[in-house]
Amino acid sequence: MKISFIGSGKVGAAVAYTASLKGLAQEIVLTDAFSDKARGEALDILQGQAFTPQAQIKYGDIKDTAGSDIIVITAGIPRKADEPRVLLLSRNAGLIAGLVKEAVLYSPDCILFMITNPLDVMTQLAYQVSGLSANRVIGMGTVLDTARYRSYLAEQFGIDARDIDAYVVGEHGETMVPLVSQITIKGIPLTELPGYESAAIDRVCDEVRIASGQVIALKGGTVFAPAASACAVLEAIVKDSNQILPVCTYNSEYGVAVSLPTLVGRHGAGPVLNVPMTDCEKAALEKSVANIKAYVAELP
Ligand SMILES: NC(=O)c1ccc[n+]([C@@H]2O[C@H](COP(=O)([O-])OP(=O)(O)OC[C@H]3O[C@@H](n4cnc5c(N)ncnc54)[C@H](O)[C@@H]3O)[C@@H](O)[C@H]2O)c1
């Protein structure tokens with residue numbers, strides 16, 4: 001398994017490091033517009049190899065990514081705490097279209113894993129310009145928002161986050177939809193928990209919506225939770241586990257890339273699974289999809 005990173009900034013480097021700790025690849029290639037950055041991050045990971053799973057850790061340019069099984073796109077300009085992710089659209093669209101086309105030339109059989117924001121628009125763009133089938137262009141989507149949702153619910157109710165089934169769907173952005181009606185803990189409805197109160201869920205949903213901005217304001221960027229979330233997706237692909245993750249893929253029903261619970265395995269993503277929703281949640285998802293479509297319409 002060869003995993004290459006286009007962009008070795010804060011997130012790219014952290015995902016590569018986490019992937020190396022999990023032993024997800026035999027070969028990891030780091031690239032960046034600033035080649036010294038890629039080289040520095042690769043050497044830093046390499047120098048810990050005496051105590052981590054063995055892999056070839058390399059740096060280079062796009063040619064060195066040739067024959068990759070997975071290409072992770074983390075290049076681009078991140079947002080500031082008070083900026084919406086969509087502000088990055090004009091900054092990142094041209095850059096990402098060029099990088100995706102070039103990467104696929106060298107790795108025509110790859111799975112593209114998009115992390116650059118605005119995530120949904122960049123996933124749609126990558127699908128359009130790559131020529132790859134929809135199942136091979138996967139955005140991190142609301143996997144990170146879902147991780148935050150489960151983590152905050154776990155903290156609120158004093159339970160293990162891994163026991164919680166709860167999803168955030170829709171846009172990885174302001175109109176994300178934390179699904180409240182279907183939250184279960186190992187199959188038991190959340191409403192059965194001692195101490196359950198609906199106001200607490202509302203507070204958690206509000207916290208999830210502002211979670212990213214809060215971390216960016218405090219430390220300049222989100223790094224560890226994105227790395228854990230990205231590696232959950234990479235692991236599902238590498239281990240062909242058919243795990244259900246709310247990744248972002250082009251959805252023919254909606255006509256745009258959007259995040260919904262989806263099976264993820266060695267073939268990539270799909271099929272998308274039907275999650276029961278209340279009328280209110282369905283309406284919020286429709287609004288979120290409309291928002292993504294409006295942004296996609298702004299693509300040059
Ligand atoms: N989808 C998510 O859940 C999620 C989470 C966190 C961050 N992000 C996004 O990931 C992206 C990266 O964030 P970051 O914090 O690592 O930013 P960063 O500024 O630390 O890293 C970006 C890197 O991209 C590189 N780069 C720029 N142009 C390039 C090019 N043409 N070729 C190769 N490399 C190039 C830069 O040199 C830099 O090292 C941003 O768009 C950010 O918003 C997404």
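**View 1. Polar contacts link domain 1 and domain 2.** In this predicted model, 7 residue pairs are in polar contact between domain 1 and domain 2. Both residues of each pair have pLDDT 80 or more. Several elements of domain 1 face the partner. Helix 1 (10-21), strand 4 (70-73), strand 5 (111-114), helix 4 (119-130) and strand 6 (137-139) each bring at least two residues to the side that touches domain 2. Helix 4 gives the most, with 7 residues. By residue type, this side of domain 1 holds 21 nonpolar, 7 polar and 8 charged residues.

**View 2. Salt bridges cross the interface of domain 1 and domain 2**. The rule finds 2 of them.

**View 3. Glu 235 and Lys 22 form a salt bridge**. Their side chains meet, with 2.9 Å from N to O.

**View 4. Domain 1 and domain 2 bury area between them**. The size of an interface is often given as the accessible area lost when the parts come together. Here the buried area is about 3,100 Å². Carbon and sulfur atoms carry 69% of it. Which residues of domain 1 lose the most area to domain 2? They are Leu 24, Arg 85 and Asp 120. Together these residues account for 21% of what the domain 1 side buries.

**View 5. The protein chain is assigned two parts, domain 1 and domain 2**. Domain 1 covers 2-139, and domain 2 covers 142-298. Their centres, taken over C-alpha atoms, are 22 Å apart. In the contact between them, 36 residues of domain 1 meet 38 residues of domain 2.

How values were computed:
Residues numbered from 1 in each chain as written. Predicted model: local features only at pLDDT ≥ 70, side-chain atom pairs only at ≥ 80, totals over all residues. Heavy atoms only, no water. Domains from an automatic or database assignment. Contact = heavy atoms within 4.5 Å. Buried area = accessible area lost by both parts, 1.4 Å probe. Salt bridge = Lys/Arg side-chain N within 4 Å of Asp/Glu carboxyl O. Polar contact = N/O pair within 3.5 Å; in protein donor to acceptor, adjacent residues only side chain to side chain. Helix = DSSP H or I, 4+ residues; strand = E, 2+ residues; numbered from the N terminus. Nonpolar A, V, L, I, M, F, W, Y, C, P; charged D, E, K, R; others polar.
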